[in-house]
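User: Hi! I'm new to this one and would like a quick tour. Could you show it to me before we start?

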Amino acid sequence: MKYLDEYRDRRIARALAAEIAQRTTKPWVLMEICGGQTHTIMRYGIDEMLPASLEIVHGPGCPVCVTPLETIDKAIDLALRPEVILVSYGDMLRVPGSRSDLMRAKAQGADVRIAYSPTEAVKIARANPARKVVFLAIGFETTAPANAMAAWQARRAELTNFSLLVSHVLVPPAIRALMVSEKNRVQAFIAPGHVCTVMGCSEYESLVRDFHVPIVVGGFEPVDLLEAVLMLVKQLEAGEAKLENQYARSVSYQGNLPAQQIMQDVFEVADQKWRGIGVIPQSGLRLREEYAAFDANRVFNLGELTVDEPAECISAQVLQGLKKPTDCPVFGMTCTPENPLGAPMVSTEGACAAYYHYRRHAVAG
Ligand code: SF4
């Protein structure tokens with residue numbers, strides 16, 4: 001299979017679904033990690049093609065969803081300062097902080113600008129030497145190399161008006177945290193193909209070994225996901241636990257070594273808070289000491305904040321695969337994409353938004 005159309009081919013998808021049904025003899029719980037995969041599953045009804053005994057739950061792989069409330073509050077605080085230009089990816093603007101969001105801050109007069117890459121923020125800093133430019137650098141291993149490159153460029157150019165508000169998270173420690181949780185129900189994982197394009201597969205070996213859990217690196221098209229599910233079902237039914245790579249057209253075992261190098265040069269691994277979930281040891285990235293001058297937390301002396309999630313929002317349980325968005329009592333009622341209470345209803349990768357767009361009529365009906 002070489003071309004995208006083949007990965008959306010109904011005939012191939014139905015054949016895969018039939019083989020999955022034929023091979024599934026016991027109940028199994030599978031988790032896809034990435035929010036992009038969640039949206040494909042919902043959009044194409046992949047979960048509805050599977051046998052009832054095969055449950056798919058959705059993981060914490062939506063970068064917008066797991067960015068801590070405190071980081072959003074800090075970004076809003078910075079944006080409201082007259083000397084600051086706050087630059088962000090577009091889907092962060094409507095993510096609710098504890099009292100407001102960046103869109104409302106922009107409406108109040110804050111200089112909030114949308115960028116498609118962090119190097120655009122570096123350009124804005126160069127063009128506005130009298131202002132302080134802060135880039136809201138969030139995401140998984142996928143966005144970390146570009147954010148690292150922005151810090152590297154700013155340091156090389158000796159910019160004194162550019163910094164990053166960093167909130168980076170890493171997938172393998174999150175899987176480990178899920179597996180050690182007493183509440184865990186997940187028996188096999190579809191690992192995120194985009195992350196593994198950067199990081200390769202090797203980091204997942206120890207998870208397979210330590211927890212005897214099957215992991216298949218999966219892509220993002222319907223046939224990709226059905227193939228990944230089939231590979232996991234074969235392992236589960238055989239009592240095996242192996243690391244396999246369904247997304248071999250993009251992912252190599254070692255990953256993108258230059259991208260990993262720039263990440264290592266600029267960032268170091270640190271404990272990280274995940275929105276709704278709490279602190280997961282060694283699950284994030286922070287700027288190295290050599291890059292302290294580009295760390296917005298230090299430049300603006302932001303300190304530590306602790307704020308509570310809205311009581312109604314069960315996103316922590318959704319992100320850990322313990323509940324589905326439709327289990328949330330305010331799903332589609334007081335929480336909608338137009339008026340989100342939690343981040344998973346905002347993000348293009350959020351599970352609640354996926355259910356809202358593709359399943360709410362079924363729920364209502
Ligand atoms: S539907 Fe809204 S309130 Fe409920 S878990 Fe999702 S984001 Fe949170």
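**Salt bridges and cavities**

Analyst: Let's begin with R23, which counts as partly exposed because its relative accessibility is 34%; that class lies between buried, under 20% relative accessible area, and exposed, over 50% (1.4 Å probe, protein chains only). A word on the source: this is a predicted model, where local features need pLDDT of at least 70, side-chain atom pairs count only at pLDDT 80 or more, and totals for chains, interfaces and linings use all residues. Residues are numbered from 1 along each chain as its sequence is written, and side-chain values use heavy atoms, with hydrogens and water left out.

User: Which residue forms a salt bridge with R23?

Analyst: That is E19, with the closest N and O atoms 2.9 Å apart. A salt bridge here is a side-chain nitrogen of Lys or Arg within 4 Å of a carboxyl oxygen of Asp or Glu. R23 and E19 both lie in helix α1 (residues 10-23), four residues apart, or about one turn of the helix. Helices (H or I, at least four residues) and strands (E, at least two) are DSSP runs, numbered from the N terminus.

User: How many salt bridges does a search of the whole structure find?

Analyst: The search finds 16. One of them joins E55 to K324, with the closest N and O atoms 3.6 Å apart. This pair links distant parts of the chain, 269 residues apart: E55 is in strand β2 (residues 54-61) and K324 in the loop between α15 (315-319) and α16 (351-364). Together with R185, E55 and K324 are linked in a network of salt bridges.

User: What about the second largest cavity, which residues line that?

Analyst: Its lining is G35, T38, G59, C62, L319, E349, G350 and A351, and about 40 Å³ of space lies in this second largest cavity.

Key: 1 Å grid on protein atoms, 1.4 Å probe; cavity = no way out; pocket = protein on both sides within 12 Å on 5 of 7 lines; lining within 4 Å. Points joined across faces, edges and corners; volume = space filled by probe spheres on them.
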